[in-house]
Amino acid sequence: MSSIFTKFTISVAAVALLAGCGVRSAGSVSTGSSVTPAPITGASPASEAGLQNWIQSFRPRAISSGVSPATYDRAMRIARYNPEVIRLDRKQAEFSRPVWEYLDSAASDSRTTKGRGLARTYSGTLGQIEGRYGVDRNIVMAIWGMESNFGGNRGKMQIIPSLATLAYDGRRGEMFQNQLIAALKILQAGDTDPEHMLGSWAGAMGHTQFMPTSYLAYAVDFNGDGRRDIWSDDPTDSLASTASYLKRSGWVPGLPAAVEVRLPSGFNYGQTGRSNVKSGATWAAQGVRAVDGRTLPSGGIIAPAGAQGPAFLVTKNFIAIRAYNASDNYALGVAMLGNRIGGGPGIVGAFPREAGALTHNEKEEVQRRLNRLGYDVGEPDGAIGEKTMAAIKAFQQRIGVSPDGYANAALLQQLRSRS
Ligand SMILES: [Ca+2]
């Protein structure tokens with residue numbers, strides 16, 4: 001299978017060492033890097049022979065985790081090394097899309113129209129799911145839209161070969177070994193068989209892209225046919241499983257996930273951040289208002305494009321959506337798409353589109369300069385996370401500008417003139 005493998009001669013002893021390394025690491029909490037078969041200097045682990053050897057050495061671990069020998073052997077019959085998943089796993093996300101472009105596509109007109117139509121088609125099912133789990137049907141629809149474009153992009157790759165390759169390969173080996181064991185337990189429960197267990201390259205399956213561990217924890221058989229079938233064209237079990245996931249992640253019935261707000265002039269942006277939760281009355285007393293005039297729930301305020309862009313009060317239900325995918329932009333995209341599918345408006349406030357967004361390299365430069373000024377943002381990676389935002393806020397406070405934590409051209413200029 002692997003063209004790379006054929007270029008190297010790997011001795012039987014080396015393969016055994018490699019396999020043993022994988023097994024030893026499997027029980028530890030180490031990162032994937034320690035699973036990388038370092039003993040074969042210069043050689044890629046990309047080899048069918050290496051994978052098959054690893055499968056034999058991993059067998060006792062799977063069995064001790066509760067996978068029967070029959071399940072293991074039956075599933076692993078279809079495991080083949082897949083260089084494509086390794087290529088995808090290593091691909092760096094170096095493009096950097098402005099948040100408004102992400103949200104534009106998340107809650108686009110076409111996706112909204114499709115979602116509204118399907119919400120009518122599945123109205124009865126969605127009502128039953130909402131009745132059982134208390135999760136807003138429009139949010140369930142939005143996750144369906146975000147994860148697979150309403151079932152159109154569920155992924156057609158067999159999960160077992162993908163997960164076996166990723167578990168063996170090593171970069172995030174431990175994580176994928178756990179996912180592989182979870183996938184084997186799903187097969188053992190009889191919900192599907194290895195050939196029909198399909199999904200995306202990294203193991204996300206079905207209409208709402210459940211990883212195997214999430215499936216084991218949250219998937220439900222809602223239509224009562226005896227199988228938690230998230231692979232079927234019928235989305236019922238997938239949608240109910242998604243509602244089950246959100247309910248267990250703390251969903252509060254009747255609470256919006258995100259409410260677009262207008263902030264008063266002179267608002268102290270040092271208060272932004274989803275974790276800085278205040279009651280709706282406290283925000284209202286500061287002059288914060290919902291753009292649609294509704295009473296504010298309690299939550300934190302985020303301004304994803306800084307002081308020049310729109311702001312949102314985000315609640316416990318925003319946090320529940322983040323449990324699905326730990327990204328503020330994702331959760332905001334789900335909330336906005338759900339709002340639109342339910343007949344509500346999109347985002348009212350204007351993003352600072354004309355100002356553009358920093359490139360990946362410019363974001364790295366922001367991080368380097370913050371580090372140089374003594375703010376610890378860790379290894380620059382061009383991804384503005386919570387650590388970097390906190391450092392930006394501290395820097396902005398120090399130089400006396402509104403501490404919105406947003407990395408834009410003005411901030412970069414301010415950093416360049418001081419570092
Ligand atoms: Ca079912």
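In helix α14 (residues 316-324), the residues Asn-317, Phe-318, Ala-320, Ile-321 and Tyr-324 are buried. A residue is called buried if 20 or more other C-beta atoms lie within 10 Å of its own, exposed if 12 or fewer do, and partly exposed in between, with C-beta atoms placed from the backbone. The model is a predicted one, in which local features need pLDDT of at least 70, side-chain atom pairs count only at pLDDT 80 or more, and totals for chains, interfaces and linings use all residues. Residues are numbered from 1 along each chain as its sequence is written.

**The chain as a whole**

- The protein chain has 18 helices and 7 strands. Helices (H or I, at least four residues) and strands (E, at least two) are DSSP runs, numbered from the N terminus.
- Of the 419 residues of the protein chain, 44% count as buried.
- Among contacts between residues at least 6 apart in sequence, 72% join residues at least 24 apart. Two residues are in contact if their C-beta atoms, placed from the backbone, lie within 7 Å.

**Helix α14 and its surroundings**

- Seen down the axis of α14, the buried residues fall within an arc of 155 degrees, so they line one face of the helix. The arc is that of the directions from the helix axis to the C-beta atoms.
- An α-helix has 3.6 residues a turn, so residues three or four places apart point the same way.
- The cover over the buried residues of α14 includes the helices α8 (137-148), α12 (236-248) and α15 (328-341). It also includes the strands β3 (258-262), β4 (273-278) and β7 (311-314).

**Helices packed against α15**

- The axes of α8 and α15 come within 8 Å and cross at roughly 120 degrees. That makes α8 oblique to α15. Axes are lines fitted to C-alpha atoms, for helices over the stretch in contact, and angles run from 0 to 180 degrees between N-to-C directions. Angles under 35 degrees count as roughly parallel, over 145 as roughly antiparallel, 65 to 115 as roughly perpendicular and the rest as oblique.
- α8 passes α15 in a right-handed crossing. A crossing is left-handed if the near helix is turned anticlockwise from the far one by less than a right angle, and right-handed if clockwise.
- On the α8 side, this contact is made by Asn-138, Ile-139, Met-141, Ala-142, Ile-143, Gly-145 and Met-146, and on the α15 side by Gly-333, Val-334, Leu-337, Gly-338 and Ile-341.
- By class, the contact of α8 with α15 has 8 nonpolar, 4 polar and no charged residues. Ala, Val, Leu, Ile, Met, Phe, Trp, Tyr, Cys and Pro count as nonpolar, Asp, Glu, Lys and Arg as charged, and the others, Gly among them, as polar.
- The axes of α6 (109-121) and α15 come within 9 Å and cross at roughly 60 degrees. α6 is thus oblique to α15, and their crossing is right-handed.
- Arg-111, Thr-112, Gly-115, Arg-116 and Ala-119 of α6 make the contact with Leu-337, Arg-340 and Ile-341 of α15. The contact of α6 with α15 has 3 nonpolar, 2 polar and 3 charged residues.

**The pair α9 and α10**

- Helix α9 (residues 159-169) and helix α10 (residues 173-189) pack at an angle of about 150 degrees, with their axes 7 Å apart. The two helices are therefore roughly antiparallel to each other, and α9 passes α10 in a left-handed crossing.
- The residues of this contact divide into 9 nonpolar, 3 polar and 1 charged.
- α9 is mostly covered, as 10 of its 11 residues are buried.
- Just after α9, Gly-170 takes a positive phi of about 115 degrees.
- Arg-172 is found in the loop between α9 and α10. With 17 C-beta neighbours inside 10 Å, Arg-172 counts as partly exposed.
- The C-alpha atoms of Arg-172 and Asp-89 are 83 residues apart along the chain and are separated by 9.0 Å.

**Loop residues with positive phi**

- Asn-149, in the loop between α8 and β1 (157-158), has a phi near 50 degrees, a positive value in a residue other than glycine. Asn-149 is partly exposed, with 15 C-beta neighbours inside 10 Å.
- Gln-209, in the loop between β2 (198-199) and α11 (212-218), has a phi near 55 degrees, which is also positive. Gln-209 is buried, with 25 other C-beta atoms within 10 Å.
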